[in-house]
Amino acid sequence: MNKHCAVVALMAITALISDTTWGAREEHTFEVSLTIPSRPFYIIPAEPDWIHRPQRLEWDYPASTMGGLRKFFDVRHDTSAIEARLERAPYLSNGKSSDDIPLRVRFNDVELSPDIRPRQVVTQAEAAAGKRVLLEIQPVKPVGGYKPGDYDGNVLLLFNAKAPGA
């Protein structure tokens, strides 16, 4: 009987030890990616994780105004200046055109517009050296003030290398 109890006790102790030894295991799997820009021409976000997600403009309750968006881009072009324009006038909408909130877009301190003629945003010398520049998107307070609601919109920036000699 004592032998039988001793064998059962040893088996129980072995089972407890093996559970604590083999029971704790964690695994983490994650993806890694990298984009290596072409050396002659690129305009890429300095923080790449934000560009493909909706950006939230915050409401400032004490001031009753809306905040903007400020993000940096790394730019480079080996042979000429860089130009930019907007595809269309950017605005936030709640579905009622009378409540639309226009947006002012500046890239490297140059205000952009949907005019078909792009504006130079980086000089040839700056582009050749490569530069980090600021994108700013600021709401323009409507004449009647901001109206309550849920707003969303899009800003479509178009960039190109300035034509040589232009």
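**Note on aromatic pairs and one exposed loop glycine**

1. Glycine 144 is exposed, at a relative accessible area of 58%. The cut-off for that word is over 50%. The model is predicted.

2. Where does glycine 144 lie? Its place is the loop between S10 and S11. In sequence, glycine 144 and serine 98 are 46 residues apart. In space, their C-alpha to C-alpha distance is 9.5 Å.

3. Now the rings. The count comes to four aromatic pairs, taking ring centres within 6.5 Å. One of them joins tryptophan 59 and tyrosine 146. This pair is edge-to-face, with 5.4 Å centre to centre and 90 degrees between the planes.

4. Which parts does the pair tie together? Tryptophan 59 sits in strand S2 (residues 59-60), and tyrosine 146 in the loop between strand S10 (131-139) and strand S11 (157-161), so the pair links parts 87 residues apart in sequence.

5. Are these two residues buried or exposed? Tryptophan 59 is partly exposed, with a relative accessible area of 35%. Tyrosine 146 is buried, at 16%.

6. Phenylalanine 73 and phenylalanine 107 also form an edge-to-face pair.

Notes
Residues are numbered from 1 along each chain as its sequence is written. This is a predicted model: local features need pLDDT of at least 70, side-chain atom pairs count only at pLDDT 80 or more; totals for chains, interfaces and linings use all residues. Side-chain values use heavy atoms; hydrogens and water are left out. Rings of Phe, Tyr and Trp (its six-membered ring) pair if their centres lie within 6.5 Å; planes under 30 degrees apart count as stacked, over 60 as edge-to-face and the rest as tilted. Helices (H or I, at least four residues) and strands (E, at least two) are DSSP runs, numbered from the N terminus. Buried means under 20% relative accessible area, exposed over 50%, partly exposed in between (1.4 Å probe, protein chains only).
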